[in-house]
Amino acid sequence: RALETDLRRALALREFSLVYQPQVNLQSRRVAGFEALLRWRCPRRGPVSPLDFIPIAEETGIIGPIGEWVLRTACRDAASWPGDYTVAVNISAIQFTNRSLVATVVSAIADSGLDPRRLELEITESVMLDARGNALAVLQQLRGLGVRVSLDDFGTGYSSLGYLRSFPFDKIKIDQSFVREASDDRGNRAIVRAIASLGASLGMATVAEGVETEDQLARVAADGCTDVQGYLISRPIPPGEIEHFLAESR
Ligand code: G
Ligand code: G
Ligand code: MN
Ligand code: NA
């Protein structure tokens, strides 16, 4: 059976769940927030990675209802956390270009009661390309609500530095490949340092993604990143374990 067929039923059959990966601020050394990551457990296929099903969901339009479910669920979960931690939600290209995104965000915030300043939307560079003329208007509407916007996987796409000047991002997420790959250590490190410096000049936070070792943590801290995310801090955790995680990490 086609993946699409299973994907179409997955929402109604409650096969999706969210896990949350913490982000730690390097200045305060405290958890600042969590990124929501979608998981699909298909009864026939077992766990399917978003890398495999998000593209199909986008092609078939199923991303609309799935994306709305993610947004609403993440806002509701975050509203129940014991503190004002941020929640970051990944927004795909199709979602971003859809005219109803802003209305959906407004509705998810209203229904959950979440302070809009605690919601971050993560978009990739390719999203900015696809949305072209419309992107700036959408970003401004979102920020008008108080919602934050992060540029995800930075450095892997077309990486036009012009985006950073033209679009009001709150945060740059430095792609894991620059943080982790030892193959071209000096080159990667220079890139991390340059992005952190650029972020600081533009008033944007810079998150080093994919931090797995103490060495990497020390390097990205020395290189000026403001926040870190990765397996060293924690793998993504189910919503039911967040309170325990926060209690242990204080
Ligand atoms: O969590 P994991 O490493 O499996 O995620 C793989 C990819 O799927 C990442 O690029 C991540 O941004 C993306 N992803 C995870 N959850 C979502 C989601 O809810 N919506 C979208 N559009 N992408 C997601
Ligand atoms: O594209 P995006 O940055 O949203 O993707 C985040 C993905 O990276 C998630 O699927 C998450 O599971 C994965 N991830 C997070 N931290 C680490 C890490 O330290 N190492 C590795 N290999 N993957 C990670
Ligand atoms: Mn992300
Ligand atoms: Na990323």
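A residue is near a molecule if its C-beta atom, placed from the backbone, lies within 6 Å of it. Ala, Val, Leu, Ile, Met, Phe, Trp, Tyr, Cys and Pro count as nonpolar, Asp, Glu, Lys and Arg as charged, and the others, Gly among them, as polar.

This is a predicted model, in which local features need pLDDT of at least 70 and side-chain atom pairs count only at pLDDT 80 or more, while totals for chains, interfaces and linings use all residues. Residues are numbered from 1 along each chain as its sequence is written, with chains lettered from A and ligands numbered from 1 in the order in which they are written.

Around ligand 1 lie Leu-37, Leu-38, Ser-49, Pro-50, Leu-51, Ile-54, Val-70, Asn-90 and Ser-92. Six of the shell residues are nonpolar, three are polar and none is charged. Helix 2 gives the most, with three residues. Strand 2 (31–42) and helix 2 (50–60) each supply at least two; helices (H or I, at least four residues) and strands (E, at least two) are DSSP runs, numbered from the N terminus.

## Helix 3 and helix 5

Helix 3 (residues 63–79) packs against helix 5 (residues 101–112) at an angle of about 30°, with axes 9 Å apart. The contact joins Glu-68, Leu-71, Arg-72, Cys-75, Arg-76 and Ala-79 of helix 3 to Thr-104, Val-105, Ala-108, Ile-109, Asp-111 and Ser-112 of helix 5; two residues are in contact if their C-beta atoms, placed from the backbone, lie within 7 Å. By class, this contact has six nonpolar, two polar and four charged residues.

Conventions:
Axes fitted to C-alpha atoms, helices over the stretch in contact; angles between N-to-C directions.
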